Amino acid sequence: MVPTPLTVRAPAKVNLHLGVGDVRPDGFHELVTVFQALSLHDDVTLTPADALTLHVTGEGVRDVPTDPTNLAARAVVALAERYGRDPNMRIDIAKGIPVAGGMAGGSADAAAALLGAATLWGLDIGRGELDEVAATLGSDVPFSLHGHTALGTGRGERLIPALARGEFHWTLALAREGLSTPAVYHELDRLREAGDPPRAGSPDELLAAVASGDPHRLAPLLANDLQAAALSLQPGLRRTLRAGLEAGALAGIVSGSGPTCAFLCASAEDAVDVGTELAGAGVCRTVRVASGPVPGATVVP
Ligand code: C5P
């Protein structure tokens, strides 16, 4: 019998608010963050096979590991070990999320692989158990499973769903070079040792703005403590952020640990216009438009 493949689609994320606290004894930073899932996706297809193999196509493939360190492969192995299954399968990842871009592309692949393997194996497990395995794989993996808009605490893995009305429109400026997440956190620690860069504060007002559905109200409240560190490592991003505002975006922010810059726009039409101007200004590798919130990892029928 020919094995039946199963495809799971998982979204990118942007952090509307990313408050980074102090470094913990385990090396992670205590976070208060508001995630939003965006309509930019990776598709992960799992096919039962004789060995665990990985194949990647699409955006930025040369920087994606195809060995067992790939987060999607680790997700399948972690679930197989926990539930006594055979991890052998072919994993095909079609990348639409920028690699090393601060948009949780690797986490999306892990979340998709977890949901896909659990579905293929017919595991009778709830979201709570899947979340537990997800959190062992990476701080953003539980959010990639859940999607929509959520408040994250701990290292980002503890989630509370947040109310969001309507649809927010985004333009994303993808950078030529990626940034390593640990390097950006280290740079923030260094900047904090040298001085006292401002901190994001409470996300309460921002959560109210998201619930109101008004992008004009949300725009001035976007905040990211990692932005100063990302700009310190890639100073050219200042130009990208400026160009987006000049093109008519309501606000621009580095997405997570960067270097993708995310611009909040007043409408879908504005997002396209901002993207066109950014592409013409030569301040980024390429642009995408996206909207949010969207659901987390979902089996494609
Ligand atoms: O959890 P994840 O694998 O995504 O984290 C990647 C790296 O980002 C960690 O090894 C750590 O250096 C940094 N990080 C952090 N604090 C967090 C999340 C990530 O310092 N809350």
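Select Pro 259 to begin: you will find it in the loop between strand 9 (251-254) and strand 10 (261-265). Helices (H or I, at least four residues) and strands (E, at least two) are DSSP runs numbered from the N terminus. A cis peptide bond joins Gly 258 and Pro 259, with omega about 5°.

You are looking at a predicted model, in which local features need pLDDT of at least 70 and side-chain atom pairs count only at pLDDT 80 or more, while totals for chains, interfaces and linings use all residues. Residues are numbered from 1 along each chain as its sequence is written, and side-chain values use heavy atoms, with hydrogens and water left out.

Next, go to Pro 293, in the loop between strand 11 (286-292) and strand 12 (298-299). Gly 292 and Pro 293 are joined by a cis peptide bond, and omega is about 0°. Most peptide bonds are trans, and most residues other than glycine have a negative phi.

Now for phi. Pick Ala 100, in the loop between strand 4 (89-95) and helix 2 (105-120). Ala 100 is not a glycine, yet has a positive phi of about 50°. His 148, in the loop between helix 4 (141-146) and strand 5 (149-153), also has a positive phi, about 60°.

From Ala 100, jump to Leu 40: the two are 60 residues apart in sequence and 15 Å apart in space, C-alpha to C-alpha. Leu 40 lies in strand 2 and counts as buried because its relative accessibility is 8%. Buried means under 20% relative accessible area, exposed over 50%, and partly exposed in between (1.4 Å probe, protein chains only).

Helix 5 gives the largest share, three residues. Select the residues around the ligand (a heavy atom within 4 Å), among them Phe 28, Leu 31, Thr 181 and Tyr 185.

Zoom in on the polar contacts (pairs of N or O atoms within 3.5 Å). An N or O atom in the side chain of His 29 is 2.6 Å from an oxygen atom of the ligand. For the side chain of Ser 139, the distance from such an atom to a ligand oxygen is 2.5 Å. At Arg 155, a backbone N or O atom lies 3.1 Å from a ligand nitrogen.

Finish at Glu 187, in helix 5 (residues 181-194). Glu 187 counts as buried, at 9% relative accessibility.

Note on methods. Polar contact = N/O pair within 3.5 Å; in protein donor to acceptor, adjacent residues only side chain to side chain.
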